[in-house]
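Subject: Structure handover

Hello,

Please find the structure below. My notes on it come after.

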Amino acid sequence: MGELIMSAPVAGLTSKNRITAEDVVMLRREVFGDGVVSRGEAEALFALDATAKDKCAEWPDFFVEAVTDYIVHQEKPAGYVSEDNADWLVRTISRDGMVDSRTELELLVRVLEKAKSSPNRLCAYALKQVAHAVVDGKGPLMHGGKLVPGRIAKAEVELLRRILYAYGGDGNIAVTRAEAEVLFRINERTTAASNDPSWNDVFVKAIANFVMCSAGYEAPMRGVALRQDSFFEQAEPEIGGFFSRMVSGGLAGILEAYRAPGDIEAEWESKNKAAEALARRAETVDAGEARWLVEHIGGRPLHENERALLTLIKHASPEIHPALKPLIDKVA
């Protein structure tokens with residue numbers, strides 16, 4: 001870190017082992033008093049967070065708010081996380097590649113939520129923190145002993161959804177390959193467990209978003225694609241039975257996100273018409289994405305949510321790349 005810039009009242013807290021609610025009121029006045037949170041102040045807050053072992057309930061919210069304000073809003077253009085600020089954040093909160101505390105994990109997710117745009121790697125890094133807990137039983141999410149390594153529970157699914165949804169701002173429509181790799185790692189390492197049913201919904205929608213958007217398909221914003229509306233009862237009769245063993249969303253819910261019917265149909269109609277022509281030329285799932293899918297799910301029995309993914313591609317893609325046809329035939 002650089003030189004810590006603290007006012008006398010803030011500096012006085014560094015010798016204390018405890019931060020009280022009264023201290024937070026004083027800090028809020030000192031830090032936000034001039035309307036600007038500087039890097040020196042942000043680093044001072046990190047120092048306080050590390051040294052004070054007894055922190056009041058008001059501290060985490062203040063800490064996250066103040067540091068997020070610095071990272072997201074205090075460098076131009078406001079709302080865009082710079083490469084430098086992203087590097088500083090990861091470097092500051094990381095210990096051996098893992099976020100050190102729940103408060104710092106919340107800070108990372110809040111930055112993604114508040115920013116209009118941030119470097120691609122920041123979202124993948126956040127997803128990896130969930131993977132560390134779910135797959136390896138490590139990281140701040142394991143504190144308290146409530147998580148079971150090798151199983152993904154509803155709380156972790158919602159955190160994953162929150163991270164993916166947050167990064168969708170300012171044109172970040174498609175799930176990236178780095179994000180998709182993390183999701184596949186979680187899926188492969190938890191498939192034998194009694195995962196929360198909502199995991200299948202997030203996995204299928206997110207991977208489909210990556211595969212189809214990366215080839216030029218005009219899918220809706222990832223926030224729309226990942227929403228949790230219940231569409232199960234509307235599933236197509238001939239395949240609804242299969243998806244009844246999945247989540248409440250079912251295939252109809254997944255397809256709804258990409259076909260955009262109802263109240264958002266007009267918004268997407270013109271875009272989808274143009275995209276359909278592009279998709280027919282580009283084969284929607286192109287060679288790169290086809291190979292990527294085959295590498296991940298070819299050569300072994302398909303997991304249930306992978307069958308759902310292939311079924312979605314089969315129904316929603318104008319054309320199917322030849323490399324995927326043997327897999328698509330398995331769900332015919």
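Predicted model: local features only at pLDDT ≥ 70, side-chain atom pairs only at ≥ 80, totals over all residues.

Residues are numbered from 1 along each chain as its sequence is written, and side-chain values use heavy atoms, with hydrogens and water left out.

The structure holds 10 aromatic pairs. Rings of Phe, Tyr and Trp (its six-membered ring) pair if their centres lie within 6.5 Å; planes under 30 degrees apart count as stacked, over 60 as edge-to-face and the rest as tilted.

Phenylalanine 46 and tryptophan 88 make an edge-to-face pair, 5.6 Å centre to centre with 80 degrees between the planes. The pair links distant parts of the chain, 42 residues apart: phenylalanine 46 is in helix H3 (residues 39-51) and tryptophan 88 in helix H5 (residues 83-93). Helices (H or I, at least four residues) are DSSP runs, numbered from the N terminus. Both phenylalanine 46 and tryptophan 88 are buried, where buried means under 20% relative accessible area (1.4 Å probe, protein chains only). Ring pairs also join Phe46 and Trp88 into a cluster with Phe32, Trp59, Phe62, Phe63 and Tyr70.

Helix H8 (residues 154-166) has 13 residues and reaches 18 Å from its first C-alpha to its last, close to the 18 Å expected; the expected span is 1.5 Å times one less than the number of residues. Its buried residues are Glu156, Val157, Leu159, Leu160, Arg161, Ile163, Leu164 and Ala166.

Regards

Terms used:
Helix = DSSP H or I, 4+ residues; strand = E, 2+ residues; numbered from the N terminus. Buried < 20%, exposed > 50% of the residue type's maximum accessible area, 1.4 Å probe, protein only.
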